[in-house]
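Please open the model in your viewer and keep the selection tool at hand.

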Amino acid sequence: MDVPLPHLDRPFDYLVPEALDADARPGVRVKVRFAGQLVDGWLLERAESSEHPKLAYLEKVVSPVPVLSPEVARLARAVADRYAGSLADVLRLAVPPRHARAEKAVTTDTPPTDEPAPDGTEPDGSPTDGTEPDGSPADGTPPGGVPSEAADAGARPGGRAEVDPRGWRDYPAGPALLRALTDGRPARAVWSALPGEDWADRYADAVAATVAGGRGAVVVVADARDLDRLDAALTAVLGAGRHVRLAAADGPARRYRAFLTARTGGVDVVIGTRAAMFAPVRRLGLVAIWDDGDDLHAEPRAPYPHARDVLLTRAQLGDIAAVVGGYARTAEAQLLVETGWAREVVADRAVVRARTPALAPTGDDPQLARDPGAASARLPSLAWTTARDALRVDLPVLVQVPRRGYVPSVACADCRAPARCPHCAGPLALPSAQGTPACRWCGRVAAAYACPECGGRRLRASVTGARRTAEELGRAFPGVPVRTSGREEVLATVPGGAGLVIATPGAEPVAEGGYGAVLLLDSWALLTRADLRAGEEALRRWMAAAALARPGTAGGRVVVVADGALAPVQALLRWDSAWFAARELAERRELGFPPAVRMASVTGAAEAVADLLAGARLPGDAEVLGPVPADEGRERMLVRVPRSRAAAMAEALHAAAGQRSARKAADPVRLQVDPLTLF
């Protein structure tokens, strides 16, 4: 039942009246009477009898279309158990809201079916072998990764054309990966993309190889811009109408139509944002995700699943192939490689050097000797001359700035104390050069602001945003066109000719032929974040921007305004995110942080958190850490267990939450397993 109460997270038996017998098929939406109210539900299974002597009847079959497939139902249950959540919460994420008109248009001629495919593959996949998709095999034996050339030398099934590996030839294991996908083998790969790589084309090749083998594919990207690139690449390779895109931003009718098209078997390929991670594809042979470190892949609604982990769970349950790709590598992806669950697909160092732009920091000793002001300058002389040289030869220049807006944070010009709103203590910001300071939280204007520390009334910028940067660079390079790209307005591509493009991370447009120079400013804003993933996130954003530059042999240069001795900067200069990911993972093992261990965050009022943990039968080796302050006066406790005990921890926390909901505890508690932000 679609009831958000943990203690009701179980199936309930109902009688099916004769009038509804034909429509009451597993997977349909129904309405039932529960506790005197009519509630929504999902029909999971039909049975001849029940152990309960007295049953109520189904009230209504909302639609005869079985939108919930057996494979997705099993996946949703596994995801709910992994994240200490309820099945109803996961099903709300897995199946979009019904749109009657779209449903009628799609299902008139192609009703959904769960009959076995002609090749004998069951729609719910093959049974699990007991191995976790995070790289923790239950029996200690790592499953296979990308097959070696020798193992792949055998003949492929008759009638299946081999897909041209094209760009995958730059990676020694790339062609073998495509052949494994064509053969329908469960290859698992962690792909580190080369700079300048058209990742959408490479994913289109992988999908085409899977389709050539008679299987389907699901590919998840972070945002609409990446989705548009992948959509165009797949259309070019597969042809129009061979895939659908599934994204919440497309609107309810279009999203539900795409969902039903996949559910009815109209297409074999679904691409989308995290809304597509549960897409119902028959004969699924490949799940893939691009840039798994992007925080947009984390679902903000309960039970807060991450798209990467959902896809890996799906790959494990169905014994299908999986590809985790990106310019940078996360610690979670490195764990898959180190445990043998996946094989890394990387280019030889000679190819990396040939494709990488010339990379240079501004804060190392040689640069400081030439430019002593580089340590404090926002745009050191090296960055300025690099941009000038690129503009002189009519090449575009990309400038990455971590913060959007004009001046998103100001401070007292006399004592340097951060300027806060007198009403809510939120940070004050300047919307423009002549604008009045205003609070970023409550929106109130602070025209007569006076510093509570020293009484000063003058303000200075403590953080400079993208629009202010565009204004400053426009004065530094008179006559050069300056464009901005951010959340307010995202440029998909850069027009021809020279110019400056100021972009926030994730909004960098693609330039035809690549940028002549890429400047990475305000590195301190990324590296000094109070976050376990600060270094990893900084490297991911830098590599995504640097990958848009031309190769060094073609004049491409990248300047990062940071000390070259820092580990993330070293990884960027060598274009070796695998080294940094291995380093991060080793440090987290020593400190006991995810993904080396599993952690759960329990957030709420102090009494409510203590009540839930007191009722939780946690494993004996569980550690309870905290409390630490959370937002709005709440506190957070952390529960840490070894990876092998993750299921027991999630079950204990979910059971304790069920006990509290059964006795109608007033204060809510939020449970998150492996949250992106711990402190």
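Select alanine 88 to begin: its relative accessibility is 7%, so it counts as buried (buried means under 20% relative accessible area, exposed over 50%, partly exposed in between, with a 1.4 Å probe and protein chains only). This is a predicted model, in which local features need pLDDT of at least 70, side-chain atom pairs count only at pLDDT 80 or more, and totals for chains, interfaces and linings use all residues. Residues are numbered from 1 along each chain as its sequence is written, and side-chain values use heavy atoms, with hydrogens and water left out.

Alanine 88 belongs to helix α2, residues 87–94 (helices are DSSP runs of H or I with at least four residues, strands are E runs of at least two, and both are numbered from the N terminus). Setting aside residues up to four places away in sequence, alanine 88 touches Met1, Asp2 and Val3, where contact means heavy atoms within 4.5 Å.

Now show the whole chain, which has 19 helices and 28 strands; of its 679 residues, 53% count as buried.

Next, select residues 381–392, helix α12, whose 12 residues should span 16 Å at 1.5 Å a residue, in agreement with end C-alpha atoms 16 Å apart (the expected span is 1.5 Å times one less than the number of residues). Colour Leu382, Ala383, Thr386, Ala387, Ala390 and Leu391, the buried residues of α12. Seen down the axis, these buried residues fall within an arc of 165 degrees, so they line one face of α12 (the arc is that of the directions from the helix axis to the C-beta atoms).

Finish at aspartate 394, which follows α12 and has a positive phi, near 65 degrees.
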